[in-house]
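Hi everyone, thanks for coming.

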Amino acid sequence: MPTTVPGVVARAKGKPVELTDIIVPDPGPGEALVTVQACGVCHTDLHYKEGGIGDDYPYLLGHEAAGVVEKTGPDVTEVQPGDFVILNWRAVCGRCRACAKGKPWYCFSTHNATQKMTLADGTPLSPALGIGAFTSKTLVAAGQCTKVDPAISPATAGLLGCGIMAGLGAALNTGQVTRGDSVAVIGAGGVGDAAILGASLAGAQTIIAVDIDDRKLSWAKEFGATHTVNSRTTDPVEAIQGLTGGFGADVVIDAVGRPETYRQAFYARDLAGTVVLVGVPTPDMRLDLPLLDVFGRGGALKSSWYGDCLPSRDFPMLVGLHLQGRLPLDKFVSETIALVGIEEAFAKMSRGEVLRSVVAL
């Protein structure tokens, strides 16, 4: 039987979110019903609310989540009731050309639940990133559930479902940071700090955090930044070059995703260095770079989707490192809140007062 539960919905562009009843169907073939225990408040949810991703309202927000599988539909083999899982928004198909090439993190045919959750009046909901977890129960494709060690706190585990994985993966998977590297990260929010933590875990020798907020730069040091640069008062390209022997960093990660920060990243890298774009730009943004500079500086210009992660590989590994005391993921949790506190959490995020507010259910 369908279940009625409270959920946080964005009904129209720019309007405050609303706590309302939603109807969650029983899982069908290939689907799983998950009892959500915690869900982070991510910038992507704010983008949905403000119309920056699409206009398929109403949206059921929330996607950075962890919980327990309650029921599964027919033909589900990935998980079973009682499993503690992190939800991921890229359930790989195993059959497309990327999967066939052994690169499933680029899967071109990721999938979501077939059935729709709805409002009480039957209006279909669009779940954020195919998840919709600002609710006590959500319906997802079973492949979106990654089983991990339940010893980790749900509030901490859920953050691997999006932003923290994006930052860690930008350094570890996309940027392939290694021992002795110099790394600069532009933007010291949650994703940027996760990239700093990833660079530190990989053994980078010099890790430079760049931001316009001294409070965020102070946080960056807690995750492994060896140097900080306030780009409001200091030219970040000159500062990064000065901290790397005049050459520039081996890897520069743009965790902001604006044309001006990308240009900074491009010119702040060493010759044959790597730029990684993990901050998400808006559709109207354009980039102008001299093609001769692109050619002459060599190296690689990469985009990092979800940290180029493979959830089945990366989530259990990172949870294990955390439980061993080697990866302080809990430092990203600034506060835990109730569903009614999400609108204020968006405001705190915009003011740069938190790394992550996490809804505890």
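Let's begin with the second largest pocket, which holds about 200 Å³ of space. By pocket I mean this: on a 1 Å grid over the protein atoms alone, an open set of points where a 1.4 Å probe fits, with protein on both sides within 12 Å along at least five of seven lines; lining residues have an atom within 4 Å of a point. The volume is the space filled by probe spheres set on the points, with grid points joined across faces, edges and corners.

Before going on, a word on the model: it is predicted, so local features need pLDDT of at least 70 and side-chain atom pairs count only at pLDDT 80 or more, while totals for chains, interfaces and linings use all residues. Residues are numbered from 1 along each chain as its sequence is written, and side-chain values use heavy atoms, with hydrogens and water left out.

So who lines this pocket? There are 14 residues, and Val-92, Gly-143, Cys-145, Thr-146 and Ser-312 lie nearest the centre. Strand β10 (145-147) and helix α10 (311-323) each supply at least two lining residues, and β10 gives the most, with three. Helices (H or I, at least four residues) and strands (E, at least two) are DSSP runs, numbered from the N terminus.

Next, the sheet. Five strands form an open, mixed sheet in the order β7-β2-β1-β4-β8. Because β7 (118-119) and β8 (126-127) are at the edges with a single partner strand each, one side of each has no neighbour in the sheet. Two strands pair if DSSP finds at least two bridges between them. Take β1 (residues 3-10) and β4 (residues 59-60): they pair antiparallel over two bridges, and Val-9 has Leu-60 in β4 as its bridge partner.

Now look at the loop between α1 (43-49) and β4, where Pro-58 lies. The peptide bond joining Tyr-57 and Pro-58 is cis, with omega about 0°.

Why mention that? Most residues other than glycine have a negative phi, and most peptide bonds are trans.

On phi, we have Ala-272, with a positive value near 65°, in strand β15 (residues 269-277). Tyr-306 also has a positive phi, about 60°, and lies in the loop between β16 (300-303) and α10.

Are these two buried or exposed? Ala-272 is exposed, at 56% relative accessible area, whereas Tyr-306 is buried, at 4%. Buried means under 20%, exposed over 50%, and partly exposed in between, using a 1.4 Å probe and protein chains only.
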